[in-house]
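Subject: Structure for you to look at

Hello,

Here is the structure I said I would pass on. Please open it first; my notes follow below.

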Amino acid sequence: MLIKQRRAWDLPERLATPESVFLNRRALLGGAGGVIAGSLLGGHPLAAATGEGLYPAPRNESYALDRALTPERYSGDYNNFYEFGTSKTVLPAAGALKPKPWPVTIDGLVEKPFTIDAWDLAAKMGLEERLYRHRCVEAWSMAVPWTGFPLSKLVALAKPLSGAKYVRFETFMDKAVAPGQRQFFYPWPYIEGLTMAEAANDLAFMVTGVYGKPLPNQFGAPLRLAVPWKYGFKSAKSLVKISFVADRPKTFWEGLQASEYGFWANVNPAVPHPRWSQASERVLGTDQRVPTLLFNGYGEQVAGLYKGLEKERLYV
Ligand SMILES: Nc1nc2c(c(=O)[nH]1)N[C@H]1C(S)=C(S)[C@@H](COP(=O)(O)O)O[C@H]1N2
Ligand SMILES: [Mo]
């Protein structure tokens, strides 16, 4: 059985695929192309470098949604990716991004810094699909099937030292590829950050794919973050460096306008943005507005992270 010839990077047993998805995947791999890819490339480093055989990844059913998924025709053509312009239509410009190969450096307060290609990293970590809500600070939202691996797995791989208090995420910097980066008044490169406790939370997800395939460029190929209880700008795209640091990173948006976009940026309908209400959100691809939920509906999993931090500006 093809499925039984598990490749080194296949999912651990604890992520056992629900039967339906498993059968689905088997049917897919059973197609001629799948069999050829599986038998010729299985176990070969080339398979890792191309993402071959990693998609679609089995769905982790623990992350169910209360709403319909946003069709890709909406989410895939309405993106915030300032490197490629400030409009939502960055898809054509993002075509200039070449996400393969894509070295990612893990450094800072770790046992031993290293660089790994994003595609090898995906293969090494093993991939799963999760359905997550996404709430932009601009008061629109979507629901998407991300593929990736828990950030906690990457933290374990990095072996941070005890002095590490934050994880800092850095997007690529290349003015030749990203015209937005020629706008000197933005504090490039795009930086984001999480506390170590936030990074250890199971919801913090490193994303390599969406809609059952590797990330299209405009979504932040080939590796981005998804922290669904926070406003969307925390979910930094096209990462080239992940650093473990002692001090709170100064983020891109803080650098631009700290009064409006803070470090914590947890979703809270009761705390308005200085210029608009956060009480409700427009659901992408529909004409609906729905009430926004505290921590974007993920309070049960994350509220505990903020005990004792009440003096911080947790919701801006
Ligand atoms: N590098 C980078 N990451 C980024 C952004 C950006 O402009 N540059 N925009 C953020 C914002 S505001 C949002 S809402 C999400 C949008 O993700 P999406 O295009 O996949 O919907 O990406 C976030 N990550
Ligand atoms: Mo956003």
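**What surrounds the ligand**

The shell around ligand 1 divides by class into nine nonpolar, six polar and three charged residues. Please keep in mind that this is a predicted model.

There are 18 residues around ligand 1, and those that come nearest are Tyr82, Glu83, Arg224, Ser235 and Lys237. Two of these five also have a side-chain distance to report. In the side chain of Arg224, an N or O atom is 2.6 Å from an oxygen atom of ligand 1. For Glu83, an N or O atom of the side chain lies 2.8 Å from a nitrogen atom of the ligand. Asn79 makes a contact as well: one of its polar side-chain atoms is 2.9 Å from an oxygen atom of ligand 1.

How much of ligand 1 does the protein bury? Taken alone, the ligand exposes 530 Å², and the protein buries 99% of that. As for its location, ligand 1 sits in the largest pocket.

**A glycine in a loop**

The other item concerns Gly126. This residue is in the loop that runs between α6 (118-125) and β3 (128-135). Is Gly126 buried or exposed? Its relative accessibility is 3%, so Gly126 counts as buried, the cut-off for buried being under 20%. Gly126 and Gly148 are 22 residues apart in sequence, and their C-alpha atoms are 7.8 Å apart in space.

That is what I have for now.

Regards

Technical notes: Residues numbered from 1 in each chain as written. Chains lettered and ligands numbered in written order. Predicted model: local features only at pLDDT ≥ 70, side-chain atom pairs only at ≥ 80, totals over all residues. Heavy atoms only, no water. Near = heavy atom within 4 Å. Polar contact = N/O pair within 3.5 Å; in protein donor to acceptor, adjacent residues only side chain to side chain. Areas by Shrake-Rupley, 256 points an atom, 1.4 Å probe, with all protein chains shown as cover. 1 Å grid on protein atoms, 1.4 Å probe; cavity = no way out; pocket = protein on both sides within 12 Å on 5 of 7 lines; lining within 4 Å. Sits in = over half its atoms within 2 Å of the grid points. Nonpolar A, V, L, I, M, F, W, Y, C, P; charged D, E, K, R; others polar. Helix = DSSP H or I, 4+ residues; strand = E, 2+ residues; numbered from the N terminus. Buried < 20%, exposed > 50% of the residue type's maximum accessible area, 1.4 Å probe, protein only.
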